[in-house]
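The sequence and the structure are shown first.

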Amino acid sequence: RIVARIEELTRRAEEAKTLSATREEELDNLLQASYFRMIDEAERKPLQEIASLIRRSIRTKPTEKYEEMGIRSFGKGTFKKPVLTGAQIGNKRIYRIHEGDLVFNNVFAWEKAIAVAQKEDHGRVGSHRFITYVPHEKQATSEFLCHHFLSERGIEDIRAASPGSAGRNRTLGLAKLAQIKVPVPDYEEQVRFSELAKRRKLIQKETAAIAEELKVFNLALLAKAFRGEL
């Protein structure tokens, strides 16, 4: 009876996980289809013509605290890094990041360390290794540009602008990045694409949360079974 109860509860939990993963996959396919439709016959312009390099320099104070933002490789988004004091940062240059910034880690951009700063990233800081671009109004959206740079064609351009062999010897050049030509489809289409991309990001977070909850659920379920509470 206990085994049957455990199997039933586990099955329901796995169904929820599968449903979430299916939604994410369907949205991925929709985004890809929309992207290829949008760039077909779209005009291409240098990045610097549709977005500006923005550096919000910070003068650190020894006792002040600064929360750093990191960027995962392979297009896996941003993450929170430890909070540091100005004394711990020392002479390292840091810059403020705002929600919606298109951010490149210039050391690992060739490895798809490119992301859009999320709501929770607003006000965090990055080192001089982080290149932040802000799209011009009515010209482009960060989500569309990020998706393009993570695409096969986009990452080829990033790698071509990152001379060197690998790792820290392969740095994305500011001047070369500014000159990369990107597709510029209709702005309203880009806005709709951005909404889809934001929805995908939300579903990704939900999927990750469900996976963590399942770990806790399975442990709690077994504990209850051993205590005879099922």
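Which strands does α4 lie across, and at about what angle does it run to β8? Helix α4 lies across β7, β8 and β10, and its direction makes an angle of about 165° with that of β8. Contact here means heavy atoms within 4.5 Å; axes are lines fitted to C-alpha atoms, for helices over the stretch in contact, and angles run from 0 to 180 degrees between N-to-C directions.

## Basis of the model

The model is predicted, so local features need pLDDT of at least 70 and side-chain atom pairs count only at pLDDT 80 or more, while totals for chains, interfaces and linings use all residues. Residues are numbered from 1 along each chain as its sequence is written, and side-chain values use heavy atoms, with hydrogens and water left out.

## Overall architecture

The chain contains seven helices and eleven strands. These elements are DSSP runs numbered from the N terminus, with helices (H or I) of at least four residues and strands (E) of at least two. The C-alpha trace spans about 70 × 50 × 35 Å along its principal axes.

Of the 230 residues in the chain, 39% are buried. Buried means under 20% relative accessible area, exposed means over 50%, and partly exposed lies in between (1.4 Å probe, protein chains only). Among contacts with a separation of 6 or more, 77% involve residues 24 or more positions apart.

## The four-stranded sheet

An open sheet is built from four strands in the order β2-β10-β7-β8, with antiparallel pairing. Strands β2 (51–53) and β8 are the edges; each has a single partner strand, so one side of each is left without a neighbour in the sheet. From one strand to the next, the twist averages 25°. Two strands count as paired if DSSP finds at least two bridges between them.

Strand β7 (residues 102–105) pairs with β8 (residues 114–116) in the antiparallel sense over three bridges, and with β10 (residues 130–135), also antiparallel, over four bridges. Towards β8, L102 stands opposite V116 and F104 has I114 as its bridge partner. Towards β10, N105 stands opposite F130. Both faces of β7 are covered: L102 and F104 are buried on one side, and V103 and N105 are buried on the other.

## Aromatic contacts

A pair of aromatic rings is described by the distance of the centres and the angle of the planes. Rings of Phe, Tyr and Trp (its six-membered ring) pair if their centres lie within 6.5 Å; planes under 30 degrees apart count as stacked, over 60 as edge-to-face and the rest as tilted. By this rule there are five aromatic pairs. One of them joins F104 and F149 edge-to-face, with 5.4 Å centre to centre and 75° between the planes. This pair links distant parts of the chain, since F104 belongs to β7 and F149 to helix α4 (residues 142–150), 45 residues apart. F104 counts as buried because its relative accessibility is 0%, and F149 is likewise buried at 0%.

The rings of F144 and F193 also form an edge-to-face pair, with centres 5.7 Å apart and planes at 80°. F144 lies in α4 and F193 in helix α7 (residues 187–227), so the pair ties together parts that are 49 residues apart in sequence. F144 is buried at 0% relative accessibility, and F193 is buried at 2%. Y35, F36, F144 and F193 form one aromatic cluster.

## Helix packing

Helix α4 packs against α5 (residues 152–160) at an angle of about 75°, with the axes 4 Å apart. The two helices are therefore roughly perpendicular, a term for angles of 65 to 115 degrees; those under 35 count as roughly parallel, those over 145 as roughly antiparallel and the rest as oblique. On the α4 side, H148, F149 and L150 meet E152, R153, G154, I155 and I158 of α5.

## Loop residues with positive phi

Most residues other than glycine have a negative phi. E41, in the loop between α1 (2–39) and β1 (43–46), has a positive phi near 70°. E41 counts as exposed, at 79% relative accessibility. F74, in the loop between β4 (65–71) and β5 (78–85), has a positive phi near 65°. F74 is exposed, with a relative accessible area of 55%.
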